[in-house]
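These are notes for a colleague who is opening this structure for the first time. Please keep the sequence and the 3D view at hand while reading the numbered points.

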Amino acid sequence: MSDANKSYGLIAEFVNPADTMHAAEKIRDAGFTRWDVFTPFPVHGMDKAMGIKNSKVGWFSFIGGVTGYTSGMLMIWFLNAVDYAIPVGGKPMFSPFGAFPPSYELTILLGAFGAIGGMLFLNRLPRLHHPLLKNRRFAQATHDKFYVVIECEDPKYSEAETRKLLEHAGSKHIEMAEE
Amino acid sequence: MADATGNMKVFAPPAGLQRVPLVTNHRSIGWISDRIAGVAEGKTPMWWWIAFGISLTLMTVCFGLIVYLMSAGPGVWGLNHPVMWGWAIINFVWWIGIGHAGTLISAILFLLRQKWRTGVNRAAEAMTIFAVMCAGIYPLIHIGRIWLGWWLFPIPNANGIWPQFRSPLMWDVFAVSTYFTVSLLFWYIGLVPDLAVMRDRAKTKVRKFIYGAFAMGWTGSNRHWSNYEKAYLILAGLSTPLVLSVHSIVSLDFAVSQLPGWHTTIFPPYFVAGAVFSGFGMVLTLLIPIRRLCGLEDLITKRHIDLMCKVTLATGSIVGYAYLMELFIAMAYSGSVYEAFAFKNRMMGPYWWGYWIMMACNVVIPQLFWSKKIRANLMVVWVLSILVNVGMWFERFVIVVISLHRDFLPANWGYFAPTWVDILQFLGTFGLFFTMFLLFLRFLPIIAIAEVKAVTPQADPHHPEGGAKPGHGGQH
């Protein structure tokens with residue numbers, strides 16, 4: 001790549017969740033938009049501290065579930081009552097009760113696909129590469145350290161000011177991550 | 001890490017009311033990753049190779065016998081009129097029942113906010129997946145002409161005939177395959193943050209690449225966690241009705257028929273309770289030795305074992321109640337001579353021993369868990385947990401074989417005895433189960449690292465150990 005040394009953003013390390021959360025509140029209130037917090041586990045209350053709205057994953061799952069149920073019912077009706085009707089024990093060719101168990105299972109199956117697919121889509125995963133994963137120190141984000149990252153692309157970003165803000169928020173170690 | 005900064009005061013409940021922490025010895029967050037990931041890193045211990053060797057041998061026996069079965073036909077099993085469902089169906093129901101504890105721990109206890117689940121859910125979910133794999137083999141090979149297994153799926157065969165969805169056996173196909181798929185996905189999604197831990201710790205390029213590929217580029221971003229937690233919650237919400245439906249549908253394989261002993265409406269809840277009961281038995285059987293062998297005593301604590309014993313006791317009592325209620329319905333309430341005979345035959349017929357082993361192991365044994373002393377003695381718990389599964393296997397033996405061998409007409413009666421193929425086939429699935437489980441132990445984090453970290457006090461931003469300062473910051 002030609003711009004190998006382009007900067008990605010400032011990464012600030014924190015040692016406990018409370019400090020990280022207060023830093024997040026400050027950055028949220030300062031009006032940054034392209035920033036994120038990286039933690040080894042989900043921190044309770046961090047969504048509010050970052051000003052993240054309720055996740056939309058539920059809608060994907062709901063659409064999956066509805067699709068599953070409808071396709072199950074329609075499939076069984078078409079297969080057993082229309083395309084090749086087999087009379088069994090005087091039972092009706094199609095009954096919603098007999099068709100319910102498989103349709104119910106398909107509701108759950110497609111609902112689960114929706115939840116997982118929706119989560120991956122909203123998170124833009126899987127991705128093979130992320131600039132932060134190149135950073136040596138950042139590897140501890142999955143271990144026991146907490147990071148706040150403000151991207152250089154953020155309209156409010158200015159290296160000196162942002163660094164000061166992060167220092168003020170209590171970070172003991174701040175460095176520039178490369179793209 | 002426990003250097004609480006001087007002046008703060010936390011009012012702790014009196015000693016007698018304090019709960020044992022979920023991670024004992026006050027371990028740090030970093031220690032949790034080191035300890036759990038350490039199990040899958042470093043030199044392979046000797047006991048692992050020995051266990052793996054035995055399991056692999058048994059698994060080979062399992063697949064060898066499938067080949068024998070395919071070439072010779074299901075006659076190699078002890079099946080004959082009137083007992084056409086023998087060990088294959090018993091084992092199918094037994095294995096799939098074992099799986100249910102994993103989903104109960106991962107989904108239902110999650111919805112109930114039972115934080116102790118984090119110590120055991122990963123291993124229990126793995127157990128679910130491997131148990132469902134073992135279970136899935138049986139109906140497939142039981143159909144006799146295995147190469148026509150695809151007739152079970154809605155794919156038209158050469159004559160354009162579709163599967164017939166009024167049969168509960170078709171419902172079973174959908175229930176079990178959905179159960180397997182959703183359990184696998186739930187497990188994998190739970191693993192993603194921990195695979196990222198493994199990726200970031202990996203020393204070799206190969207490990208980094210493989211763990212990295214499966215971690216899908218997970219960074220621990222809070223914007224990701226937000227969607228992730230929602231997806232996890234939804235999956236738990238979907239898995240809960242799923243797990244209840246799976247064994248209900250398995251029970252409908254029996255209940256929808258007309259046979260005395262099978263044709264009963266209490267089967268679905270009774271099967272689900274029995275499934276969870278046997279599953280917890282298996283979780284205890286697996287985790288009691290593993291916590292010692294892998295040095296995880298601080299993460300799978302005695303409190304975890306104690307709580308699992310209590311769940312076993314609760315579900316075992318439901319099972320015991322169901323047995324007695326079933327007996328009452330058949331003998332006194334139904335007024336059906338055939339139903340009454342079926343139960344008299346269970347107790348005093350040629351298979352009386354099966355019925356009484358079941359009663360002893362499933363009704364009497366779990367009641368021992370009322371005693372705190374017994375729940376705290378891991379050796380005893382381990383033995384009892386095995387007896388639970390012996391009892392549950394006999395429950396399915398009672399339901400399948402004893403109900404079938406004598407039905408309405410005495411001219412239609414018979415006696416079933418297993419052949420060596422039945423027995424080795426069953427032992428063989430243990431080989432498959434343990435081979436998978438040992439590979440899981442060796443290559444994946446066997447405790448949910450991120451989830452355990454999240455339930456420690458250090459992870460709570462409103463707790464002094466999480467960095468909260470007295471007077472400000474804690475009020476959200």
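Predicted model: local features only at pLDDT ≥ 70, side-chain atom pairs only at ≥ 80, totals over all residues.

1. Pro82(B) is placed in the loop between helix H2 (46-72) and helix H3 (87-111) of chain B.

2. Which strands pair with E3(A)? Strand E1 (residues 7-14) of chain A pairs with E3(A) in the antiparallel sense over 6 bridges, and one bridge to locate in the view is that of Phe14(A) with its partner Phe146(A) in E3(A). E2(A) also runs antiparallel to E3(A), to which it is joined by 4 bridges, and here Trp35(A) has Ile150(A) in E3(A) as its bridge partner.

3. Turning to the contact between the chains, chain A contributes 63 residues and chain B contributes 56 residues. On the side of chain A that touches chain B, the elements giving two or more residues are helix H1 (17-30), strand E2 (35-38), helix H2 (46-50), helix H3 (57-83) and H4 of chain A. Of these, H4(A) provides the largest share, with 16 residues. By class, the residues on this side of chain A comprise 38 nonpolar, 16 polar and 9 charged.

4. How do helix H4 (residues 96-122) of chain A and helix H7 (residues 222-255) of chain B lie relative to each other? Their axes come within 10 Å and cross at roughly 165°, and because angles over 145 degrees count as roughly antiparallel, H4(A) and H7(B) are described as roughly antiparallel to each other. The crossing in which H4(A) passes H7(B) is left-handed.

5. The residues that meet in this helix pair can be followed along both partners: on the H4(A) side they include Pro101(A), Tyr104(A), Ile108(A), Gly111(A), Ala115(A) and Met119(A), while on the H7(B) side they include Tyr228(B), Ala231(B), Leu235(B), Leu238(B), Leu242(B) and Ile249(B). Sorted by class, the contact of H4(A) with H7(B) has 16 nonpolar, 4 polar and 1 charged residues.

6. His26(B), which is not a glycine, has a positive phi of about 50°, and its place is in the segment before helix H1 (29-39) of chain B. Arg113(B) likewise has a positive phi, near 55°, and is found in the loop between H3 and helix H4 (121-142) of chain B.

7. Are His26(B) and Arg113(B) exposed or partly exposed? His26(B) has 14 C-beta neighbours inside 10 Å and therefore counts as partly exposed, whereas Arg113(B), with 7 other C-beta atoms within 10 Å, is exposed.

Conventions: Residues numbered from 1 in each chain as written. Chains lettered and ligands numbered in written order. Axes fitted to C-alpha atoms, helices over the stretch in contact; angles between N-to-C directions. Parallel < 35°, antiparallel > 145°, perpendicular 65-115°, else oblique. Left-handed = near helix turned anticlockwise from the far one by under 90°. Contact = placed C-beta atoms within 7 Å. Nonpolar A, V, L, I, M, F, W, Y, C, P; charged D, E, K, R; others polar. Buried ≥ 20, exposed ≤ 12 C-beta atoms within 10 Å, placed from the backbone. Pairing = 2+ DSSP bridges.
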